[in-house]
Amino acid sequence: MTGKETSSRNPIADIEAWLQKATTLSEALPYMRRYSGETFVIKYGGHAMGDEELAALFARDIVLLKQVGINPIVVHGGGPQIGKMLERLKIKSSFIDGLRVTDRETVDIVEMVLSGSINKQVVTAINAVGGSAMGLSGKDGRLIEAKKLLRTKQDPDSNIEKVLDLGFVGEPERINPKILQNFESSDVIPVIAPIGVGENGETYNINADTAAGAIASALGASKLIMLTDIAGVMDGDKNLMPTLSHAQASDLIADGTINGGMIPKVETCLNAIDQGTAAAHILDGRVPHVLLLEIFTEHGVGTMIETG
Ligand code: ADP
Ligand code: MG
């Protein structure tokens with residue numbers, strides 16, 4: 001049976017469905033007008049990236065944002081993919097407080113996977129649906145100048161603060177956004193691997209959430225959106241929190257309800273808001289078109305981080 005035969009059977013039902021689509025498009029107009037010319041930084045999570053179909057939909061959404069005059073800047077992660085490669089190469093790796101201890105051998109692999117295969121996968125997906133994506137790492141144009149991340153931990157017996165050595169795990173020290181600003185008036189969509197460059201040219205592995213937040217602040221982005229593998233921030237009863245304030249976040253981190261990879265996400269969103277980003281969202285990257293839902297409809301999805 002062809003589509004036409006179906007529609008001739010029940011034309012009214014079809015027209016209603018078409019009208020619904022047209023209405024949805026029309027309702028997006030005020031959002032398109034409001035956001036045109038603005039910069040959105042979108043963190044594409046290592047865990048949300050695994051599924052090919054979802055990756056293609058994500059790419060389409062990014063191209064649509066660019067098409068309606070928004071400047072999307074994509075920053076991607078890659079924890080699971082790095083883990084797989086280290087396993088394949090039989091390089092042992094350990095974690096302290098959720099951060100991968102990154103020695104010289106490991107940081108080489110981290111750079112290879114992040115700014116090599118993953119970065120090009122994301123670029124290819126966006127270009128396959130008509131975009132013009134360009135991959136960069138934090139080394140290009142010295143986009144992310146980084147320094148060693150210093151973490152201390154109190155020894156429970158002696159109460160002495162001990163310095164933890166995480167090797168080449170870094171934090172952004174300075175963002176040089178010029179290379180990104182050059183793209184604003186072009187059709188290029190930057191796709192950034194969270195690798196930082198140190199004072200002496202050394203390579204640093206940076207948490208992609210932290211990198212995305214630093215770039216959002218440096219660019220004066222109006223939105224920071226984190227796509228991850230969970231519906232949003234969950235409270236102690238595992239219910240989704242539609243909004244999250246500073247005070248709630250501090251309490252939930254202190255009592256362990258927010259833990260692991262959700263900590264840098266929430267902290268980065270709070271910092272970004274404090275530094276002038278108008279809105280920060282943590283969204284479920286497993287939901288098809290979650291970006292369009294959040295940006296172009298009245299429906300708020302996931303968790304919105306609030307000021308104050
Ligand atoms: P990504 O690759 O997107 O950065 P992470 O694994 O680093 O993903 O962070 C997301 C994970 O954080 C979730 O899958 C979840 O296991 C964990 N998490 C910890 N605390 C919470 C919480 N309170 N609400 C939601 N997720 C949480
Ligand atoms: Mg993470």
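This is a predicted model: local features need pLDDT of at least 70, side-chain atom pairs count only at pLDDT 80 or more; totals for chains, interfaces and linings use all residues.
**Exercise 1. Aromatic pairs**

Task: State how many aromatic pairs a search of the whole structure finds, and classify the pair of tyrosine 44 and phenylalanine 58.

Solution. 
Step 1. Two quantities are needed, the distance of the ring centres and the angle of the planes.
Step 2. For tyrosine 44 and phenylalanine 58, the ring centres are 3.7 Å apart and the planes stand at 5°. Planes under 30 degrees apart count as stacked; the pair is therefore stacked.
Step 3. This pair links distant parts of the chain: tyrosine 44 is in strand β1 (residues 39–44) and phenylalanine 58 in helix α4 (residues 52–67), 14 residues apart.
Step 4. Both tyrosine 44 and phenylalanine 58 are buried.

Task: Classify the pair formed by phenylalanine 168 and tyrosine 204.

Solution. 
Step 1. The distance centre to centre is 6.2 Å, and the angle between the planes is 45°.
Step 2. An angle under 30 degrees would count as stacked and one over 60 as edge-to-face. The pair of phenylalanine 168 and tyrosine 204 is tilted.
Step 3. Here too the pair links distant parts of the chain, with phenylalanine 168 in the loop between β8 (161–164) and β9 (170–175) and tyrosine 204 in strand β12 (residues 203–205), 36 residues apart.
Step 4. Phenylalanine 168 and tyrosine 204 are both buried.

**Exercise 2. A charge over a ring**

Task: Which ring lies under the charged end of lysine 223?

Solution. The ring is that of phenylalanine 40, and the charged end of lysine 223 is 6.0 Å from its centre.

**Exercise 3. The surroundings of ligand 1**

Task: Describe which residues come nearest to ligand 1 and which atoms of ligand 1 lie close to N or O atoms of the protein.

Solution. 
Step 1. There are 17 residues around ligand 1, and those that come nearest are His47, Thr228, Asp229, Thr257 and Lys265.
Step 2. Elements that each supply at least two residues of this shell are β13 (223–228) and α10.
Step 3. Take the side-chain contacts. An oxygen atom of ligand 1 lies 2.7 Å from a side-chain N or O atom of threonine 228, and an oxygen atom of ligand 1 lies 3.2 Å from a side-chain N or O atom of lysine 43.
Step 4. Take the backbone contact: a nitrogen atom of ligand 1 is 2.8 Å from a backbone N or O atom of threonine 257.
Step 5. Ligand 1 on its own has 570 Å² of accessible area, of which the protein covers 78%.

**Exercise 4. Positive phi angles**

Task: For arginine 142 and histidine 289, give the value of phi and describe the setting.

Solution. 
Step 1. Arginine 142 has phi near 45°, a positive value in a residue other than glycine. Arginine 142 is in the loop between β5 (132–137) and β6 (144–148).
Step 2. With a relative accessible area of 38%, arginine 142 is partly exposed.
Step 3. Histidine 289 has phi near 55°, also positive in a residue other than glycine. The loop between β15 and α11 (290–296) holds histidine 289.
Step 4. Histidine 289 counts as partly exposed, at 30% relative accessibility.

Terms used:
Residues are numbered from 1 along each chain as its sequence is written. Chains are lettered from A and ligands numbered from 1 in the order in which they are written. Side-chain values use heavy atoms; hydrogens and water are left out. Rings of Phe, Tyr and Trp (its six-membered ring) pair if their centres lie within 6.5 Å; planes under 30 degrees apart count as stacked, over 60 as edge-to-face and the rest as tilted. Helices (H or I, at least four residues) and strands (E, at least two) are DSSP runs, numbered from the N terminus. Buried means under 20% relative accessible area, exposed over 50%, partly exposed in between (1.4 Å probe, protein chains only). A charge sits over a ring if NZ of Lys or CZ of Arg is within 6 Å of the ring centre and within 35 degrees of the ring normal. A residue is near a molecule or strand if one of its heavy atoms lies within 4 Å of it. A polar contact is a pair of N or O atoms within 3.5 Å; within protein, one must be able to donate a hydrogen and the other to accept it, and residues adjacent in sequence count only if both atoms are side-chain atoms. Accessible areas come from the Shrake-Rupley method with a 1.4 Å probe; for residues, only the protein chains shown count as cover.
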